[in-house]
Amino acid sequence: MSEIFPGDVVEPAELVIVPLGGCQAGVVAEAKGMVRIRAASASDVASLSAYFISLSPTSRNKRFMGARADFAVVAAECLPKTSHPDRFTLLAELRREGQGTIIGETRYAYDAAASQGEFAISVADAFQRQGVGFLMMTAMEMRAVNLGHDMIAGETARTNAEMRGLAKKAGFRDTGLGDWQSIHLAKRLSRRR
């Protein structure tokens, strides 16, 4: 049975995670644990910064759509601010033996001028293609709906096949607003009854 932790956004899901590339030195071939999606808090800056550093250069480039090295600054920017209630960051944590390890994050900000929320998402390399990204997208959408938002959008590089596939699976469509390097994706949110 799953347990709701303080700050959880959705019911934690038990996943058996098989890291990509099989068993590598120092990597458990199969990790079983609860994946919990929760809102980031001020106490997460150091662990979120460490998470960004742990991403492969390719994954960091896809997440930030370019090179970044100021991960402590980026992590601090992800924290909620009371002056901006329409902005939040959700973290995916793998919980084992009472310990939580960040394995994914998504950042959301509502743009009132465009009347849509915008997001960015990443999943740790070893945990990609395991359903973590889809869980985070679902939680982000639920939170946006609860805030009264109707539209959500994101941008990704044309070469980012993983994000394009995840977005398609989550019901996003290509709006045609991208350029030769990027694709603009959008989805109309519906209120669940």
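Modeller: Two strands count as paired if DSSP finds at least two bridges between them. Strands (E, at least two residues) and helices (H or I, at least four) are DSSP runs, numbered from the N terminus.

Colleague: Okay, so which residue stands opposite Ala186 in E8?

Modeller: Arg173 is the one facing Ala186 of E8. Before we go on, this is a predicted model, where local features need pLDDT of at least 70 and side-chain atom pairs count only at pLDDT 80 or more, while totals for chains, interfaces and linings use all residues. Numbering starts from 1 along each chain as its sequence is written, and side-chain values use heavy atoms, leaving out hydrogens and water.

Colleague: Got it! How many bridges join E7 to E8?

Modeller: Strand E7, residues 173-174, is joined to E8 by 2 bridges, and the two strands run antiparallel.

Colleague: And how many join E6 to E8?

Modeller: There are 7 bridges between E8 and strand E6, which spans residues 151-157, and this pair is antiparallel too. To find one spot in your viewer, look for Ala157, which stands opposite Ser182 in E8.

Colleague: Is E8 mostly covered or exposed?

Modeller: Strand E8, residues 182-188, is mostly covered, with 6 of its 7 residues buried. Buried means under 20% relative accessible area, exposed means over 50%, and partly exposed is in between (1.4 Å probe, protein chains only).

Colleague: Let's switch to H1. Which of its residues are buried?

Modeller: In helix H1, which covers residues 45-54, the buried ones are Leu48, Ser49, Tyr51 and Phe52.

Colleague: Why do they end up on the same side of H1?

Modeller: Leu48, Ser49, Tyr51 and Phe52 share one side of H1 because they cover an arc of only 155° around the axis. That arc is the one made by the directions from the helix axis to the C-beta atoms.

Colleague: What about the other side of H1?

Modeller: There you'll find Ala46, Ile53 and Ser54, which are exposed. So Tyr51 and Phe52 belong to the side with the buried residues, whereas Ile53 and Ser54 are exposed on the other side.
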